[in-house]
Amino acid sequence: MRVSEIAELLSGTAVGDAEREIRGVAALEAAGPNDLAYVESPRALAQAEASQAGCLLVPEGASLAGQTTIAVRHPKLALVRVAEALHPAATPPAGIHPTAVVAPDAQVAADCSVGPNVVIEGEVTVGAGTRLGAGVFLGQGVRVGAQCILHPRVTVYPGAQIGNRVILHAGAVIGSDGFGYVFAEGRHVKFPQLGKIVIEDDVEIGSNTTLDRGSLGSTIIGQGTKIDNLVQIAHNVKIGRHCIIVSQTGISGSSEVGDYVVMAGQVGVGDHARIEDRVVVGGQAGVLPGKIVRAGSVVWGTPCRPMSEFKKTIARLARLDALAEKVKALEKHLEKRM
Amino acid sequence: MRVSEIAELLSGTAVGDAEREIRGVAALEAAGPNDLAYVESPRALAQAEASQAGCLLVPEGASLAGQTTIAVRHPKLALVRVAEALHPAATPPAGIHPTAVVAPDAQVAADCSVGPNVVIEGEVTVGAGTRLGAGVFLGQGVRVGAQCILHPRVTVYPGAQIGNRVILHAGAVIGSDGFGYVFAEGRHVKFPQLGKIVIEDDVEIGSNTTLDRGSLGSTIIGQGTKIDNLVQIAHNVKIGRHCIIVSQTGISGSSEVGDYVVMAGQVGVGDHARIEDRVVVGGQAGVLPGKIVRAGSVVWGTPCRPMSEFKKTIARLARLDALAEKVKALEKHLEKRM
Amino acid sequence: MRVSEIAELLSGTAVGDAEREIRGVAALEAAGPNDLAYVESPRALAQAEASQAGCLLVPEGASLAGQTTIAVRHPKLALVRVAEALHPAATPPAGIHPTAVVAPDAQVAADCSVGPNVVIEGEVTVGAGTRLGAGVFLGQGVRVGAQCILHPRVTVYPGAQIGNRVILHAGAVIGSDGFGYVFAEGRHVKFPQLGKIVIEDDVEIGSNTTLDRGSLGSTIIGQGTKIDNLVQIAHNVKIGRHCIIVSQTGISGSSEVGDYVVMAGQVGVGDHARIEDRVVVGGQAGVLPGKIVRAGSVVWGTPCRPMSEFKKTIARLARLDALAEKVKALEKHLEKRM
């Protein structure tokens, strides 16, 4: 694409060599003369002046001497649009691979791509345009919506419901039994895990992440929520819309998470906790069982506390030795004076 | 089932509409007129009075005006029994799917169900009534007992021994190489990982959990122990009977865990630690390498300490700022007086 | 092998019954009369005197009355050599299993072993002597070097580059999309994940570990680095050579790790951090985003600090109650005197 074509696509203002050909997108520091890069922050503008990029997406109002630029309202978002145009995702051909095992009563839309060794059990439905990678397993009665991408080796237990435009990465397990037992006569008796799991539209779930079905109720992942690799979501957990849950976080049974919540990596949430809308939880933080984290708060630490408070505690901790020395000095001083 | 039939099954005492038909089990707050629910604690009794459930399992001696109830000794356990009767697990038909690849010298009991794309290598034995889900891999010489359920995509490395009534969830890896190297001449040389892994009867293991074989000795998971999703068990670890190990916990090499131990989520155990019988380890706690945690103790924190002590430290931590202020005030006060 | 033959293999000095037959290697405490064991440290020598092992590898200069020994410079490394001779890894026959699905334009070296249900997409190359276990998936354009072992159900996304003698354990996912979004108009828009992932020679990667491809740049795992089970490596992370990364550690996007770094289990590293050569990070430690950990340092805690300092803080923490009592006593004392 020429710079002028990209500017048109983005409704942006091009400055410089509008005829230059752009063949790919790249990071600012690695971009070459046929690459498009983006400059997000004013701070990055200085770095951008030395960039070898063929064209730079810059915020409206910014100027960069000697560079070919396109000014847009949201440069990073604009790059996404150009990347989609320049690097369209490889689309496997529609059709069911001859090695796939598909139950006769499964309903797979005609334009789906079903890869090698896929197994689709009875009463499954798969919506239009959905792609099932090699070795995907869809258990009895599973429903998968339209335009989904299930990467190789995704396992979906019977009965799970998956919305539209959902992306599931390799090795993810959807709808396995929750971890529930009744202790009786010296052993743990398995409690029924009969509930549902519902994954709403536009959710993305990372590699080898595990999501359990409800025990009696349902596990729900709300629309637009993005979950990273190796995350654990236990039975009956309800997660709202447009959340970001970073890798290796674990959410225990029956906890509720609101909309637009962000959890950094390795966060642990005890059971029956409630994390309200727009909360941000710092990395490795622990939310105790039953705890309510109020809407909009930013928390860190185990047990989690308001971020600013916890940071003070950390600073104090680093000076705990000095504090102890002071107390010792005071004691000595008083002893001397007596 | 009618309420009267359920009461008979449980040897419980029905009060109310004994002819009512019950079609399923449900959570107390979600149960409808054809559902059975249970009331575990006296505290839940109040909530139960407003329940729409068709029938409630209540503790012996409890009464609930206007509700149909069955009084039993252990309501939650009773629900398990009824759920088994009302929702018997779907049993796939016996037989070996034509796409399965089974070595000629493997011994698979006649009533087993072997799913699509299962791979069974040489000298494997699989006991009566065991079900192998789609894509399960059993390496050379693996032994699987009777009445086991291996969900899709479970991978069992060569030589692993699995007892009876064991449940392995999707993506679990049993018997991979432990993480052991010898450092020599600037690089890490792989130490032999030749040991065994033994999973005793009635163990359940969660999705994408990984268990390594012993390096020279054995890794052992004791009878009745339940392990959640995404747990890591390293080489030569010995876990006793009837333990509960919650999600994302990791146990390092050669550590020993007694019977009836409970580990909450995201616990880390260093190598060569010993956690004795009936210990409870709180979420995200860290047990240092070589540490011995005495029988029956309840510990939390990193490094883990007795729970009550650690809770006090946490409370103090939240007031550390105030303590520092006090010391400052004392210093000022003394300065003034000098 | 006879003891004399083993001594010759190791260029070591045998003392005792040089004709004894050794059939296997074993741990010191479990070894029997036909087993070889090793004694690493002087401290273990006492324990070794009571060993039933048929032969013991001991450090040069050590003597063990009544035992057959071979003195070598590095006993543990010597055991590795003997184990390789006594227990050569089972080698599956070369050839492509009839159930494997291999694209016509894939180049698989003639002596490779390609297991059942393996899927190899177009333009893939696989080097000499490499073994692909059952159900391995190699996406479009993947390059795998020579003498690699990919255990069952490893998933390699399109475009990933894997060096020589690399070992990937079951369920590992190589090159999945990084976790990157642009927030716009109330939802998270997927940022392009188009970068590369390069795994250099002699790397070993544990079961169900996940490694993301770069977003625009590359993710790189350096030569000889060993990664345990259930580890997460995010997009654009660069890891140097000969590192040890223990289970359940997570490294966030764009962070850089030097050579010979050791990370214990469950470590969390924020994004854009830099961990320089030969750093050791203690278990469960947290390295904050953007943090630089200087070469050779040993750190622990969240946020991580020098190990010796953090240990002091831990010790102080356990005495925080006593410190608070002291301050209270000082306050009372001064009140009385006023």
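This is a chat about a predicted model and its chains.

User: What should I know about the model and its numbering before starting?
Analyst: The model is predicted, with local features needing pLDDT of at least 70, side-chain atom pairs counting only at pLDDT 80 or more, and totals for chains, interfaces and linings using all residues. Residues are numbered from 1 along each chain as its sequence is written, while chains are lettered from A and ligands numbered from 1 in the order in which they are written.

User: How many helices and strands does chain A have?
Analyst: Chain A has five helices and 39 strands. These are DSSP runs, H or I of at least four residues for helices and E of at least two for strands, numbered from the N terminus.

User: And what does chain A span?
Analyst: About 90 × 75 × 30 Å along the principal axes of its C-alpha trace.

User: Which domains are assigned in chain A?
Analyst: Domain 1 (3-86) and domain 2 (95-310), with bounds from an automatic or database domain assignment. The centres of the two domains of chain A, taken over C-alpha atoms, are 37 Å apart.

User: What about the contact between chains A and C?
Analyst: It takes 49 residues from chain A and 48 residues from chain C, two residues being in contact if their C-beta atoms, placed from the backbone, lie within 7 Å. On the chain A side, α5(A) gives the most, with seven residues.

User: Changing topic, which residues touch the most other members of the largest nonpolar core?
Analyst: A:Ile174, A:Val281, B:Ile174, B:Val281, C:Ile174 and C:Val281, in a core of 199 residues. Such a core is a set of buried Ala, Val, Leu, Ile, Met, Phe, Trp, Tyr and Cys residues joined through C-beta atoms within 7 Å. Buried means that 20 or more other C-beta atoms lie within 10 Å of a residue's own; 12 or fewer is exposed, and in between is partly exposed, with C-beta atoms placed from the backbone.

User: What does A:Ile174 touch?
Analyst: Not counting residues up to four places away in sequence, its contacts include A:Val156, A:Tyr157 and A:Leu211.
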